[in-house]
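Please read them with the model open.

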Amino acid sequence: MSTVAVPTIICSECQRENEAERVYCHDCGARLDRSAVITKKEPPVDVHKRVRKMFDPQRARLRAWFFQTSKMILAAGGVGLLVAMVLPADLPPPSKTEMLASQVRLDMESALQKHQPPQLEFSEGQMNAYLASALKTKKKALDKPFLDFKRAVVEFKDGKFIITTERSVSGYYSLYTTTAYAVAIANGKLVTTNKGGAIGRLQLHPALMQYLNILFSDVRSAVDQDAKLVARCGAVQFHDKRATFSIAAP
């Protein structure tokens, strides 16, 4: 049987043999190296089958449908992520009263000096009122270009301390970032372990949140004085909506 020379291209990624007319690999989709065209002998009947397969209208429609559906799925996933990121976090309304930051510091300093009472307990509401007071005078330092600081809100859950910051885009639309920590005291220092977080309502893994902690660095700096007081305690425990600070024995 007579044969003809048929050029083919071998994919450098998956080694699939492709027709010379192809630009991308039939299997893996990698761009083919046109300089890698090789020639092999192919029977005329195989040439006919190959050409018919290439120009099969049903096959072309299926391929077009597949790529179009894939693009739609990817686009829908991207839109879903953006929507989750801009949705507001589920937070309590801003505190109507303010607990003076100086009063919290005074209570902590007095307990640490006198070693009495053996424990101090603050509710979630008290700490949010304290934050409103402590950060009020530091708003300018907390403002970022095009992002105005509005507030920080804490939540206490069993074994976790959760903080959410609300910043507005040029004063119009609020964006929320959340991070959660397990907190312990060791050798006079606060030891924190990230337990995850969120942007809006998009939940983020702890491994990713470790790289996003910079978003909260300014708030941490603003309450650094109080964090040092907490580090002098014997222990700190977080329960549902309350935090307990144990005063170390003299």
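1. Buried here means under 20% relative accessible area, and exposed means over 50%. The model is a predicted one. Of the 250 residues in the protein, 33% are buried.

2. On secondary structure, the protein has 8 helices and 11 strands. Contacts between residues at least 6 apart in sequence were also examined: 52% of them join residues at least 24 apart.

3. Next, the aromatic rings. A pair of aromatic rings is described by the distance of the centres and the angle of the planes. The count comes to 5 aromatic pairs. One of them is Phe122 with Phe245, an edge-to-face pair with 6.0 Å from centre to centre and 65° between the planes. Phe122 belongs to strand β4 (residues 119–123) and Phe245 to strand β11 (residues 242–246), so this pair ties together parts that are 123 residues apart in sequence. Phe122 and Phe245 are both buried.

4. Phe156 and Phe238 make another pair. Their ring centres are 5.3 Å apart and their planes meet at 40°, so the pair counts as tilted. Phe156 sits in strand β5 (residues 147–157) and Phe238 in strand β10 (residues 235–239), so the pair ties together parts 82 residues apart in sequence.

5. Are Phe156 and Phe238 buried or exposed? Phe156 has a relative accessible area of 2%, so it is buried. Phe238 is at 11% relative accessibility, so it counts as buried too. Ring pairs also bring in Phe161: Phe156, Phe161 and Phe238 are linked into a cluster.

6. Now the hairpins. Strand β7 (residues 173–186) and strand β8 (residues 189–199) run antiparallel and are joined by 9 bridges. Within this pairing, Ile185 stands opposite Leu190 in β8. The hairpin of β7 and β8 has 2 residues between the strands. In its turn, Asn187 has a positive phi of about 55°.

7. Strand β8 also pairs with strand β9 (residues 202–204). These two run antiparallel, with 3 bridges between them. Ala198 stands opposite Gln203 in β9. Here too a hairpin forms, with 2 residues between the strands. Gly200 takes a positive phi near 65° in this hairpin.

8. To check by eye: which strand is joined both to β7 and to β9? Strand β8 is, through 9 bridges to β7 and 3 bridges to β9.

Notes: Residues are numbered from 1 along each chain as its sequence is written. This is a predicted model: local features need pLDDT of at least 70, side-chain atom pairs count only at pLDDT 80 or more; totals for chains, interfaces and linings use all residues. Side-chain values use heavy atoms; hydrogens and water are left out. Helices (H or I, at least four residues) and strands (E, at least two) are DSSP runs, numbered from the N terminus. Buried means under 20% relative accessible area, exposed over 50%, partly exposed in between (1.4 Å probe, protein chains only). Contact means heavy atoms within 4.5 Å. Rings of Phe, Tyr and Trp (its six-membered ring) pair if their centres lie within 6.5 Å; planes under 30 degrees apart count as stacked, over 60 as edge-to-face and the rest as tilted. Two strands pair if DSSP finds at least two bridges between them.
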